[in-house]
Amino acid sequence: MGLVVSLTLIGTIIMAKLIGSFLPMVAHKIGVDPAVMASPLITTICDALSLLIYFGIATTILHI
């Protein structure tokens with residue numbers, strides 16, 4: 001169980017950093033203020049993807 005949590009933390013942090021740096025650049029490209037778009041959208045996407053990462057890793061490692 002510790003391995004699942006550890007791998008989930010690593011995956012979540014990497015994913016959050018990528019989304020946190022990529023989304024404001026996309027917002028700037030399409031002409032939207034990056035500061036307004038970034039916070040709620042990044043949080044929502046990261047929360048949803050973190051759950052998917054956790055369940056994917058848990059299913060793979062624990063053979064559930």
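Analyst: Met-15, Ile-19, Leu-23, Ile-42 and Cys-46 form the largest nonpolar core, which has 5 residues. Both α1 and α2 supply at least two residues of this core. Keep in mind that this is a predicted model.

User: Which helix gives the largest share of this core?
Analyst: α1 does, with 3 residues.

User: What does Cys-46 touch?
Analyst: Leaving out residues up to four places away in sequence, Cys-46 touches Met-15, Ala-16 and Ile-19.

User: Back to α1. How many residues does it have?
Analyst: α1 has 29 residues. From first C-alpha to last, α1 reaches 42 Å, close to the 42 Å expected at 1.5 Å a residue.

User: And which residues of α1 are buried?
Analyst: Val-4, Thr-8, Thr-12, Met-15, Ile-19, Leu-23 and Ala-27.

User: What happens just after α1?
Analyst: Gly-31 takes a positive phi there, about 90°.

User: New topic. Which residues make the nonpolar surface patch?
Analyst: Met-1, Val-5, Leu-9, Ile-13, Leu-62 and Ile-64 make that patch, about 620 Å² of it. Helix α1, residues 2–30, gives the most, with 3 residues. Ile-13 lies in α1.

User: Now Val-36. Where is it found?
Analyst: Val-36 is in helix α2, which covers residues 34–62.

User: Why does Val-36 count as exposed?
Analyst: Because its relative accessibility is 60%, and exposed means over 50%.

User: What separates Val-36 from Ser-21?
Analyst: Their C-alpha atoms are 14 Å apart. Along the chain, Val-36 and Ser-21 are 15 residues apart.

Methods. Residues numbered from 1 in each chain as written. Predicted model: local features only at pLDDT ≥ 70, side-chain atom pairs only at ≥ 80, totals over all residues. Heavy atoms only, no water. Patch = residues over 30% accessible without salt bridge, like charges linked within 9 Å, V, L, I, M, F, W, Y side chains within 5 Å. Areas by Shrake-Rupley, 256 points an atom, 1.4 Å probe, with all protein chains shown as cover. Salt bridge = Lys/Arg side-chain N within 4 Å of Asp/Glu carboxyl O. Helix = DSSP H or I, 4+ residues; strand = E, 2+ residues; numbered from the N terminus. Expected span 1.5 Å × (residues − 1). Buried < 20%, exposed > 50% of the residue type's maximum accessible area, 1.4 Å probe, protein only. Core = buried A, V, L, I, M, F, W, Y, C linked by side-chain atoms within 4.5 Å. Contact = heavy atoms within 4.5 Å.
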